[in-house]
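Colleague: Could you walk me through this model, a few questions at a time?

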Amino acid sequence: MILRALVRAVLLLVGVSVMVFAATEALPGDAAEARTAGRATAAQLAEMRAATGLDAAVWRRYLEWAAGLLRGDAGVSLISGRPVADVIGQRLPATAALAGAALLVTVPLMLAWAWPAGAGSPAGRLVAAVVTATAAVPQVVVAAALTAVFAGMLAWFPPISLLPADGRPPGLSVLALPTLSLALPAAAYGAMLLRGLVADIVARPYVRDARRRGLPGWRIAAVYVGPFLVAPALRVLAVVAGGLIAATAVVEVMFGYAGLGELLVGAVANRDVPVVQAGAMLAAVAVVLGMLAADLVTVRTDPRRAMT
Amino acid sequence: MRTRITLTLVALLGAASLTACGDSEQATAAPPDTLRYVTVGSPATASNDPHGGLGNESDAVRFALMYDVLTGQGPDGRTQPRLAESWKPDRSLTKWQFALRRDATFSDGRPVRAADVLYSLRRIDRKAAENYGRLAAFDLAASRVVDDHTVEVVSRKPFAEVPRALESMTFIVPEGSDDFTAAVPGSGPFTLVSNDAQSAVLERRDGWWGTAPSLRRIEVRAVADPQARAQAVLSGQADVAASIAPAAARQAEGRTDLSLVRRPAVTMYPFVMRTDRKPFDDPRVREAFKLAADRPALVQATFLGYGQPQDDLLAPADPSAPQGLTPRTRDVAKARQFLTDAGQGDGLTVTLHTTTSYPGMDTAATLFASQLKEIGVTAEVKMTPPDTYFTTVWGQQDFYTGYFGGIPFFDVARVSLISGSPTNETAWKRPEFDAALDKALGEPDEGVRNRVLGTLQQQVRDEGGYVVWGTGDGLDLTRSGVQGLPTGAGFGRLFIDQVRLSR
């Protein structure tokens with residue numbers, strides 16, 4: 001089971017790398033053209049392509065990139081000539097901090113929303129409606145609304161999130177708005193996925209029985225419902241985390257936050273394939289690891305395992 | 001339900017109080033000798049190489065602080081000495097000797113020698129494909145080191161504007177520097193202290209030969225989004241936001257704690273017509289299109305008024321620009337007549353390409369299309385994304401929205417008006433024009449030279465394929481108390497070492 005999950009994870013990563021490579025390849029133009037913006041002669045372009053290895057066949061470039069990665073070498077940026085590991089490494093901590101903070105907010109919020117939304121009372125139905133609506137709002141809109149309220153009207157947080165110039169870690173006020181912009185829609189989406197499950201579990205006979213016995217709500221949640229939610233909640237979380245990491249690109253650009261997402265947006269525009277590949281692979285690894293963890297927990301908490 | 005509301009409140013309060021803690025550690029105001037400067041920059045193109053395309057503004061500003069250039073731009077827009085103290089051409093105007101300052105040193109202590117200068121110029125030339133052939137007018141193989149403090153630069157043809165052609169982008173690095181994965185030492189007024197994902201921190205270098213800057217420290221930050229740049233100053237997180245959008249400038253108007261620095265005539269989005277293809281091969285069609293433009297309306301819509309209507313001159317701010325021309329104003333009847341004479345009287349349909357690379361390019365094209373409608377021309381506006389516009393539309397399509405960024409007329413001519421240029425976008429190919437341009441550039445007398453260049457510029461205005469309807473100002477937003485930001489055109493804007501702060 002664990003072995004199978006591992007194999008699946010590796011296959012998934014290989015698939016992602018091929019797809020991202022092919023997608024960047026399918027875009028019109030290449031890095032040599034992006035670098036010279038239409039002003040280079042054909043001979044100059046050919047020379048630049050030869051110098052950066054862009055003149056080789058697609059499959060060859062892919063294999064060379066993959067072989068490099070296996071040796072721990074992510075290659076060199078086609079635009080600036082700097083090692084990809086440096087370019088990414090400079091940006092990774094900021095995005096890790098942002099995504100981490102967003103997940104920390106997302107998890108409790110998701111559970112807090114899924115519980116009443118799945119309970120089925122009139123108030124619960126209202127929560128469900130609000131959650132569904134929030135999940136449907138794009139991050140851009142959430143970010144704009146949060147900025148208008150918390151930066152504009154209340155002036156609690158800065159409207160943009162510049163990192164400290166001397167390389168210190170970002171303070172909470174800098175992280176606040178981007179974090180919430182990521183966390184609110186993600187938590188709502190997660191709560192929507194979990195809602196049905198909560199409703200199912202709550203409807204089970206032993207939960208109804210516990211209710212009749214007059215046990216307090218928190219105890220029912222913790223003892224009778226919670227354990228059955230752990231594995232599916234983790235799986236939902238892995239999916240939500242994937243969406244959240246993808247959304248950092250939009251949110252980072254909006255808040256001027258110097259993370260990986262902003263880098264990726266620019267790298268795609270410049271056809272800087274090695275940087276795009278490395279950035280996409282990092283995101284994919286994060287999601288795949290999350291799913292792997294969810295699988296492992298499922299195995300450990302599966303009631304059928306206890307029976308056999 | 002009630003528990004949930006309570007929980008939410010607790011969470012929000014918690015977040016707010018945490019933020020308060022965060023603030024105390026964070027928002028210590030910058031000391032009065034530190035300038036926080038936010039400018040255009042994309043991490044994807046960030047580079048330490050001062051000899052490439054200089055497309056990333058935040059890099060270029062850093063280079064201008066770290067490295068010396070041979071010649072610079074004075075406040076009056078004229079070329080002034082920088083690393084080169086003086087210069088002297090030979091009689092043929094092809095060999096120019098530049099005398100270098102003797103007191104310039106790199107930040108690692110080595111003196112700046114003629115060999116470093118020649119090495120840097122040759123390296124810029126070697127990267128011609130990336131920097132648009134910036135030194136294409138020079139024969140750097142034939143150029144030579146005369147002595148430790150004199151370098152002789154050879155131009156391919158007699159060239160009276162050599163000092164100006166070497167202005168502002170000739171960043172000098174130590175001879176032999178070829179690994180730019182990290183910054184190499186410079187001889188400029190500031191040294192690099194740190195350079196991370198978003199910001200570069202530079203500190204004043206004691207012992208620089210020039211006027212000691214009043215700033216001790218400059219933080220240069222790259223922020224890609226123009227709205228976010230303006231917000232940085234509006235919210236007090238930065239002192240200067242360079243190149244903001246006209247809409248943000250309007251938003252800041254009326255705030256006494258802010259001021260707007262306008263750099264006139266920096267941007268133009270001319271409509272470009274291919275003069276060798278139908279229907280623009282007929283001069284009467286080109287004339288009709290020029291007469292169709294409602295120039296003040298275009299400036300108002302595109303630059304929100306932060307600009308000036310223009311008269312089809314490609315370098316209106318150049319010292320050689322012809323003066324006292326009869327302005328070309330909108331004349332629908334005359335335009336229609338020209339079209340009828342050209343046999344296009346009963347409805348002409350064209351495609352006008354545009355993009356969103358620079359703010360307002362799409363607005364300009366859409367508005368011009370509606371103005372063309374009134375002279376009986378149907379212009380279909382076609383949008384192309386910024387990442388492919390300059391490779392698939394620019395220099396290739398028959399009718400599109402172009403871009404120039406305030407460069408001298410001889411540079412415009414070299415890039416776009418010479419028969420042999422691969423980027424001659426309007427197919428303006430006239431041997432007599434080329435010859436006259438060569439002759440003018442080899443003319444030692446400035447008055448005579450400018451007169452001839454002016455005539456040539458006027459000829460392109462009257463017969464060429466450019467509708468230059470207006471220029472937009474460069475807009476920098478500053479906190480009040482920031483003084484001495486450069487307002488010149490072109491690369492002059494990068495030199496912020498003499499900016500002063502009063503708080």
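Modeller: Happy to, with a word on conventions: residues are numbered from 1 along each chain as its sequence is written, while chains are lettered from A and ligands numbered from 1 in the order in which they are written. This is a predicted model, where local features need pLDDT of at least 70, side-chain atom pairs count only at pLDDT 80 or more, and totals for chains, interfaces and linings use all residues.

Colleague: How many helices and strands does chain A have?

Modeller: Helices (H or I, at least four residues) and strands (E, at least two) are DSSP runs, numbered from the N terminus. Read along the sequence, the pattern of chain A is α-α-α-α-α-α-α-α-α-α-α-α-α, and its C-alpha trace spans about 85 × 55 × 35 Å along the principal axes. The count for chain A is 13 helices and zero strands.

Colleague: What percentage of the residues of chain A count as buried?

Modeller: A residue is buried if 20 or more other C-beta atoms lie within 10 Å of its own, exposed if 12 or fewer, and partly exposed in between, with C-beta atoms placed from the backbone. Of the 308 residues of chain A, the buried part is 43%.

Colleague: Which helices do the buried residues of helix 7 of chain A pack against?

Modeller: The buried residues of helix 7 of chain A include Val142(A), Leu146(A), Thr147(A) and Phe150(A). Contact here requires C-beta atoms, placed from the backbone, within 7 Å. The packing partners of these buried residues are helix 8 (172–202) and helix 10 (217–255) of chain A.

Colleague: Is Arg271(A) buried or exposed?

Modeller: Most residues other than glycine have a negative phi, and most peptide bonds are trans. Arg271(A) has a positive phi, near 55 degrees, and sits in the loop between helix 11 (260–269) and helix 12 (273–301) of chain A. Because 25 other C-beta atoms lie within 10 Å, Arg271(A) is buried.

Colleague: Which peptide bond in chain B is cis, the one that joins which residues?

Modeller: Look in the loop between strand 13 (271–273) and helix 7 (283–292) of chain B, where Pro279(B) is found. With omega of about -5 degrees, the cis peptide bond joins Lys278(B) and Pro279(B).

Colleague: And how many C-beta neighbours inside 10 Å does Leu93(B) have?

Modeller: Leu93(B) is in the loop between strand 4 (84–89) and strand 5 (95–100) of chain B. Its phi is positive, about 60 degrees, although Leu93(B) is not a glycine. Leu93(B) counts as partly exposed because its number of C-beta neighbours inside 10 Å is 18.

Colleague: What separates the C-alpha atoms of Thr351(B) and Glu380(B)?

Modeller: Thr351(B) belongs to strand 15 (residues 348–354) of chain B. Leaving aside neighbours within four places in sequence, Thr351(B) is in contact with Glu380(B), Lys382(B) and Phe399(B). Thr351(B) and Glu380(B) are 29 residues apart along the chain, and their C-alpha atoms are separated by 4.7 Å.

Colleague: Which element of chain B gives the most to the side that touches chain A?

Modeller: The contact takes 47 residues from chain B and 51 residues from chain A. Elements giving two or more residues to the chain B side include strand 9 (199–204), strand 10 (217–222) and helix 5 (226–234). With ten residues, the element of chain B that gives the most is helix 1.

Terms used: Two residues are in contact if their C-beta atoms, placed from the backbone, lie within 7 Å.
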